[in-house]
Structure formats: C-alpha cells, structure tokens
Amino acid sequence: MTNETKGWLDAFPESDHPLDTKRWYDAIINAFRTGIDLDFEEIRYYIKENKNWEEEYVDKFIEKIEIDYSKLKDFFNHIK
C-alpha cells in the first residue's frame, strides 16, 4: 500500500452517519480529482483491520462506493 493511499484511508470517516457520508463522498471525489487510483480490495481490507466494522457492513459499503466511483469516472469520461 502506498503512503498516499494509506494517508487517504486514514482520513476516512468512522461511520455512515449523514455527515460522515458527505465526508466519504468528498474523499472519493478528491481521490478522483487528484488521480489516486482506488483499489477497493485494499480499502476493504484496511477498513476491516483498522476501523473495526463488521464484515458484512464493510462489503456492502465497499460495493456502494465502488459503484459510485465508477459512475463518477464514467460521467467525467463522457463529458470530456
């Protein structure tokens, strides 16, 4: 895991509370804007090991942000 990715992951919010959800999306958009290539398996592992979330919750969450990140990339590729 690169230091850049670890730094990005360390800044993750701790929950899916509405205010934290906004921070998650801000972090994802920032990663996209700065060219960080997100590895969702790495993120899944990191959250399980460092954030103490239940495995089922982590899997659902990763699936959601992976889909949303893909949509964001598709959108920006479409408007180029």
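The structure is a predicted model, so local features need a pLDDT of at least 70 and side-chain atom pairs count only at pLDDT 80 or more, while totals for chains, interfaces and linings use all residues. Residues are numbered from 1 along each chain as its sequence is written, and side-chain values use heavy atoms, with hydrogens and water left out.

## The overall picture

Let's start with the whole chain. It has four helices and zero strands, and from the N terminus on the elements run α-α-α-α. Here helices (H or I, at least four residues) and strands (E, at least two) are DSSP runs, numbered from the N terminus.

How much of the chain is buried? Buried residues make up 32% of the 80 residues. "Buried" means under 20% relative accessible area, "exposed" means over 50%, and "partly exposed" is in between (1.4 Å probe, protein chains only). The accessible surface of the chain comes to about 5600 Å², and 51% of that belongs to carbon and sulfur atoms. These areas come from the Shrake-Rupley method with a 1.4 Å probe; for residues, only the protein chains shown count as cover.

Now for contacts, meaning heavy atoms within 4.5 Å. Of the contacts with a separation of 6 or more, 59% are between residues 24 or more positions apart.

Take a look at α3, which covers residues 40-50. Which of its residues are buried? Phe40, Ile43, Arg44, Tyr46 and Ile47 are. They sit on the same side of α3 because they cover an arc of only 165° around the axis, where the arc is that of the directions from the helix axis to the C-beta atoms. On the other side of α3, Glu41 and Tyr45 are exposed. There's a handy rule behind patterns like this: an α-helix has 3.6 residues a turn, so residues three or four places apart point the same way.

Asp39 caps the N-terminal end, with a side-chain oxygen 3.1 Å from the backbone nitrogen of Glu41. Just after the helix, Asn52 takes a positive phi of about 60°.

## The core

In soluble globular proteins, nonpolar side chains tend to be buried together. A nonpolar core is a set of buried Ala, Val, Leu, Ile, Met, Phe, Trp, Tyr and Cys residues joined through side-chain atoms within 4.5 Å. The largest one here has 14 residues, and those with the most contacts inside it are Leu38, Phe40, Ile47, Phe61 and Ile62. Helices α2 (18-34), α3 and α4 each supply at least two residues of this core. The largest share, five residues, comes from α4.

Ile47, found in helix α3, counts as buried at 0% relative accessibility. Ile47 and Val58 are eleven residues apart in sequence and 7.2 Å apart in space, C-alpha to C-alpha. Ile62 touches Phe40, Ile43, Arg44 and Ile47, not counting residues up to four places away in sequence.

## Charged pairs

Side chains of opposite charge can pair when their charged atoms come close. A salt bridge is a side-chain nitrogen of Lys or Arg within 4 Å of a carboxyl oxygen of Asp or Glu. How many salt bridges are there by this rule? The count comes to six. Here are some of them:

| Salt bridge | Distance, N to O |
|---|---|
| Arg44 and Asp59 | 2.8 Å |
| Lys48 and Glu55 | 3.4 Å |
| Glu56 and Lys60 | 3.1 Å |

Arg44 counts as buried at 15% relative accessibility, whereas Asp59 counts as partly exposed at 27%. Besides Asp59, Arg44 also touches Val58 and Ile62, not counting residues up to four places away in sequence.

In the second pair, Lys48 is partly exposed, with a relative accessible area of 26%, and Glu55 is exposed at 51%.

Glu56 and Lys60 are four residues apart in α4, so they are separated by about one helical turn. Glu56 is exposed, with a relative accessible area of 53%, and Lys60 is exposed at 54%. Salt bridges that share partners join Glu41, Arg44, Lys48, Glu55 and Asp59 into one network.

Notes
A polar contact is a pair of N or O atoms within 3.5 Å; within protein, one must be able to donate a hydrogen and the other to accept it, and residues adjacent in sequence count only if both atoms are side-chain atoms.
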